[in-house]
Amino acid sequence: MNQELLMNPNCLVAALEKPAAEFTKADIISFIQKNNIRMVNFMYPAADGRLKTLNFVINNAAYLDAILTCGERVDGSSLFPFIEAGSSDLYVVPRFRTAFVDPFAEIPTLSMLCSFFNKDGEPLESSPEHTLHKACKAFTDVTGMEFQAMGELEYYVISPDTGMFQATDQRGYHESAPYAKFNDFRTQCMSYIAQTGGQIKYGHSEVGNFTLDGMIYEQNEIEFLPVRAEDAADQLMIAKWVIRNLGYRYGYNVTFAPKITAGKAGSGLHVHMRIVKDGQNQMLKDGVLSETARKAIAGMMELAPSITAFGNTNPTSYFRLVPHQEAPTNVCWGDRNRSVLCTLANPLENESHFDTSQKQTVEMRSPDGSADLYQLLAGLAVACRHGFEIENALDIAKRTYVNVNIHQKENEDKLKALAQLPDSCAASAECLQKQRAVFEQYHVFSPAMIDGIICKLRSYEDKTLRADLDGKPEEMLELVHKYFHCG
């Protein structure tokens with residue numbers, strides 16, 4: 001028996017003794033029959049970025065086989081604005097590798113994420129999940145390598161203030177109980193996410209914490225391990241669903257919003273990426289960032305302004321992307337050495353020869369919790385691929401590299417030389433319009449999807465909003481509340 005599979009927190013992996021990627025229909029049916037599963041849920045994200053759910057009672061074996069094989073029809077016009085009511089028939093078909101036992105259901109329930117197909121049995125070109133699939137395939141076709149990703153999921157938990165063991169305002173990073181109030185909630189979230197198949201790296205309390213109007217606002221983070229980008233999006237989507245559902249059970253309000261209130265840390269969705277070939281990370285060579293990594297970085301530097309169209313999708317996003325906060329405002333990159341020495345901390349251990357090069361990633365820090373996860377990772381895959389297709393990629397990487405604090409006066413010339421990220425949804429829409437051809441190349445992003453994203457961003461009419469609300473915290477807070485449960 002494979003002990004690693006038996007110890008997996010996803011009970012399907014342990015019971016079937018195979019990785020989730022190898023699940024078949026027969027495996028799903030066998031698990032349902034042996035574990036007295038009474039219901040099946042199909043789940044799928046729509047244009048609003050939230051998971052939708054379709055419930056099935058298992059009537060008999062034939063019916064179970066039918067829904068697992070053929071999926072079910074849904075009204076596409078109610079899920080996506082680009083689908084007209086007259087031609088709205090879509091089909092959702094489960095992806096067996098995403099199966100998990102619903103940790104919240106009183107009736108034993110198996111849930112699976114689905115893919116969208118049109119009435120002719122073809123993948124829906126403009127569905128976010130299929131867009132990411134096309135982006136990853138194009139990346140591999142061009143480079144011969146695999147695009148992997150992981151996310152850092154930041155969120156706030158909000159609950160009545162008891163007045164006990166007050167935390168230090170904006171000093172919550174890695175705080176322990178009792179000053180951090182929601183560590184147990186976070187670890188239970190992590191346990192449930194792991195049961196659904198999420199590959200978690202760690203969790204901790206984050207910088208942001210404060211009290212306001214009798215309520216505690218505490219920021220937390222759950223960080224994942226790098227996996228195939230398609231799996232990374234699925235895991236983040238389910239993780240947000242888990243955190244919200246568990247918060248609802250506890251009576252906590254939970255938000256992934258990029259801006260929480262004036263003068264306090266907002267929540268980002270940092271994405272780490274790595275490029276893999278034959279199971280080996282290609283981001284380092286001889287202990288430094290490889291040419292492969294620098295080409296990918298160059299692509300992201302070129303397309304960073306338009307990536308905000310996928311990763312920063314409502315007006316409050318641009319109240320986070322301001323100078324002198326932890327969030328970025330300029331198009332640049334830096335590096336730092338994160339290697340560690342284990343034997344100095346544990347002198348009884350033999351010298352370690354662990355290959356730390358496998359852990360090297362590059363991180364995009366501009367996205368936030370408003371992002372469409374599939375579109376964002378698709379956009380990043382396109383950007384990294386683009387870096388391999390432009391002749392001057394290494395020059396771009398060199399020109400945009402910084403190893404100083406660009407906001408200090410002595411570095412103002414360097415700051416002036418750097419491009420800036422958009423300051424509004426309107427500006428982001430214009431950047432995407434200018435660079436859309438790169439995203440549409442290889443039919444990755446459909447023109448209809450790009451048109452829809454641009455139209456939605458422009459509809460906010462926020463071109464001067466950040467300046468208009470400067471010094472008006474009450475009006476800014478009204479905006480925050482409007483988009484409090486984004487993404």
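Predicted model: local features only at pLDDT ≥ 70, side-chain atom pairs only at ≥ 80, totals over all residues.
**Entry 1: strand 1**

I began with strand 1, which covers residues 39-45. How many of its residues are buried? I found that seven of its seven residues are, and I noted the strand as mostly covered. Next I checked which way the residues point. Met39, Asn41, Met43 and Pro45 point one way, while Val40, Phe42 and Tyr44 point the other way. Both sets are buried.

Then I looked for the partners of strand 1. Strand 6, residues 109-118, pairs with strand 1 in the parallel sense over five bridges. To find the spot on screen, I used Asn41, which stands opposite Ser111 in strand 6. Strand 2, residues 51-57, runs antiparallel to strand 1, and seven bridges join the two.

**Entry 2: strand 12**

I moved on to strand 12, residues 269-277. I noted this strand as mostly covered too, with eight of its nine residues buried. Which strands pair with strand 12?

- Strand 7 pairs with strand 12 in the antiparallel sense over eight bridges, and the bridge partner of Gly151 is Val271 in strand 12.
- Strand 16, residues 362-364, runs antiparallel to strand 12 and is joined to it by three bridges; Met273 has Val362 in strand 16 as its bridge partner.
- Strand 13, residues 280-281, pairs with strand 12 in the antiparallel sense over two bridges, and Val276 stands opposite Asn281 in strand 13.

The last pair is a hairpin as well: strand 12 and strand 13 have two residues between them. In the turn I found Asp278, with a positive phi of about 55 degrees.

**Entry 3: helix 8 and helix 11**

How do helix 8 (residues 291-311) and helix 11 (residues 373-387) cross? Their axes come within 7 Å and cross at roughly 150 degrees. Angles over 145 degrees count as roughly antiparallel, so helix 8 is roughly antiparallel to helix 11. I also noted that the crossing is right-handed.

I then picked out residues that make the contact. On helix 8 they include Lys295, Met300, Leu303 and Phe310, and on helix 11 they include Leu376, Leu380, Val382 and His386. By class, I noted ten nonpolar, six polar and two charged residues in this contact.

**Entry 4: two single residues**

His130 lies in helix 5, residues 128-143. Why does His130 count as buried? Its relative accessibility is 11%, and buried means under 20%, so His130 falls on the buried side. Not counting residues up to four places away in sequence, I saw that His130 touches Pro123, Leu124 and Glu125.

Gln166 sits in the loop between strand 7 (146-160) and helix 6 (183-195). Its relative accessible area is 41%, so I put Gln166 down as partly exposed. Leaving aside neighbours within four places in sequence, Gln166 is in contact with Asp161, Tyr179, Lys181 and Thr211.

How far from Lys137 is Gln166? The two are 29 residues apart along the chain, and their C-alpha atoms are separated by 50 Å.

Terms used
Residues numbered from 1 in each chain as written. Heavy atoms only, no water. Buried < 20%, exposed > 50% of the residue type's maximum accessible area, 1.4 Å probe, protein only. Helix = DSSP H or I, 4+ residues; strand = E, 2+ residues; numbered from the N terminus. Pairing = 2+ DSSP bridges. Axes fitted to C-alpha atoms, helices over the stretch in contact; angles between N-to-C directions. Parallel < 35°, antiparallel > 145°, perpendicular 65-115°, else oblique. Left-handed = near helix turned anticlockwise from the far one by under 90°. Contact = heavy atoms within 4.5 Å. Nonpolar A, V, L, I, M, F, W, Y, C, P; charged D, E, K, R; others polar.
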